[in-house]
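Dear colleague,

I am passing a structure on to you, and below it you will find my notes on what came out of it. Please read them with the structure open beside you.

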Amino acid sequence: MLTSIKNNNFKYESQKLGMMYFRVAIVLFGAQLLMGLIAAIQFLVPGFLFEVFDFSVARMVHINALVVWMLFAMIGSVYYMLPDETGIETVGIKLGKLAFWVLTAAIVVVVLVYIFIQIGPGKESTIWLINEGREYLEAPRWADIGIVVVILIFYYNVFFTFIKGRKTGIMTVMVANLLALAGLYLAGMFFTDNISIDQYWWWWVIHLWVEATWEVFVGTLAAYALVKIIGAKREIVEMWLWIEVLMLFGSGILGLGHHYFWIGTPEYWWEIGALFSSLEPVPLVAMFVHVLYDWGKEQGESGSKPAITNTPAMAWIVTNAFGNFLGAGIWGFFHTLPQVNIYTHGTQFTAAHGHLAFFGAYATILIGMMYLGIQGSVGAKRMKATFKSKMAIFLITFGVLGMTVALTIAGYEQVLIERAELGGGWDAFFTAQNLPWYVQAQVWRTIMGVVTFIGFVYLVWDLLTIGKQAQAEN
Ligand code: HEM
Ligand code: HEM
Ligand SMILES: [Fe+2]
């Protein structure tokens, strides 16, 4: 069991700390899905939980929980792989543990405040105590400052462990990238009362996280996981990693321009955004090829049978290669040119892309890392997928794909009716949302959301039991 696994198989405290982060991450993932379901029902029955649990709150908690569970799982992954890569215990591990509790407690308080204080006047004190009002990063400023302190401790641990221990290529990229990732958070902390300026900087966090630094982060995880799971050659995965880093930053940084089309920024962003963001799928293809290439190559070298030491983790990592390419690469490319985006901007098409991209590029590989963690915690040489592992990956992936297709149809209808036919505007917005294609699409999204949730239940069940089973088989 996740909670009762004998952690004593770990040689390093850092790996135990990694597992603590994973546990909170999975709980928050569950909360995210429940909030999504509430918000989805509210699309169909607008009065559902009105003034008890408003759509604005359900949606906010849904996407904030998303960001936070992913950050927890990312920090967990780093603490988990750090001693493995550097060959030493993490420096300042006691402080790291303290920081974990501080961060977890702060998040509980923030969520309780969101839930109990849903409406009221927006004052200076609101920003400090209740809600900062920046989508995905709504945490009030006191929590922002707390997060910065905790992340400084985290970075201190990682950096000095890196300096003291073995320096692999994977860790070199990881340490440099984490500095950029953490630093960008600061861009989302300044308040200006000009909405254009506010959005300008807010996108530095959102875009430069998910389309640059988080992608590089995932690249390092994939490299590490491929070495662990299929015994891929380090020189090869590290070569790929450097190429990916170059391409990801090359296209991702100026690709930022695709959010500067209509917010009052200068018009040259149309060309810059169009060109660089169109190149963004290229590194995603490279990451896809990388996983499949290494997999194929290792299979060839080790004889006819592939030596996969952790099949559920590998399944999630292969899903990551596909999902990243599809959700971010293809669905992103669809609407990235200004000529297209003028019609699709802010429709359900955006939501379709947001779901498949976050799931495909991040949820998948982070779940894979949890399976690796469990294998490590029980000290099993091999871990085989169970029936529950298969149900989990199938239902979650199928559910998210189903939601994406449904939302794409809803978005398509909005583009045709609301934007092209009726020319946009308030009335057009509501007319389009009441037509059958849109409503049916929202029904299907809700059904597929339930499928995703059932998959999640299997996932938790599997994570709680697979360790014991693997231990028994080894
Ligand atoms: C894993 C990587 C990615 C993730 C997690 C992601 C996620 C998202 C999300 C959540 C939004 C909506 C933001 C909002 O609330 O306003 C968004 C918007 C957008 N994304 Fe991505 N994205 C990724 C990669 C890409 C790529 C590679 C492209 C282009 C090739 C792209 C193009 C866009 C565009 C153009 C928008 C603006 C949509 C609009 O105008 O409404 N994204 N993305
Ligand atoms: C039980 C399954 C889920 C349901 C029912 C659900 C439902 C929803 C709803 C109703 C919204 C608000 C959309 C709007 O304002 O138009 C939303 C937004 C969002 N959800 Fe989910 N969701 C689910 C799972 C997920 C998963 C697994 C992810 C990613 C890993 C995710 C990521 C997002 C993102 C990024 C947004 C913001 C999209 C945007 O602003 O364009 N959701 N979701
Ligand atoms: Fe972007």
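Ligand 2 is surrounded by 21 residues, the closest of which are G36, A39, G354, F358 and G449, where a residue is near a molecule if its C-beta atom, placed from the backbone, lies within 6 Å of it. The model is predicted, so that local features need pLDDT of at least 70 and side-chain atom pairs count only at pLDDT 80 or more, while totals for chains, interfaces and linings use all residues. Residues are numbered from 1 along each chain as its sequence is written, and chains are lettered from A and ligands numbered from 1 in the order in which they are written.

At least two residues of this shell come from each of α1 (13-44), α2 (55-86), α13 (348-378) and α16 (436-473), helices being DSSP runs of H or I with at least four residues, numbered from the N terminus. The most is given by α13, with 7 residues.

Elsewhere, helix α14 (residues 387-421) has 35 residues and spans 49 Å from its first C-alpha to its last, close to the expected 51 Å (1.5 Å times one less than its number of residues). At Q414, α14 bends by about 30 degrees, the angle between axes fitted to the seven residues ending there and the seven starting there. Just after α14, G423 has a positive phi of about 75 degrees.

With best regards
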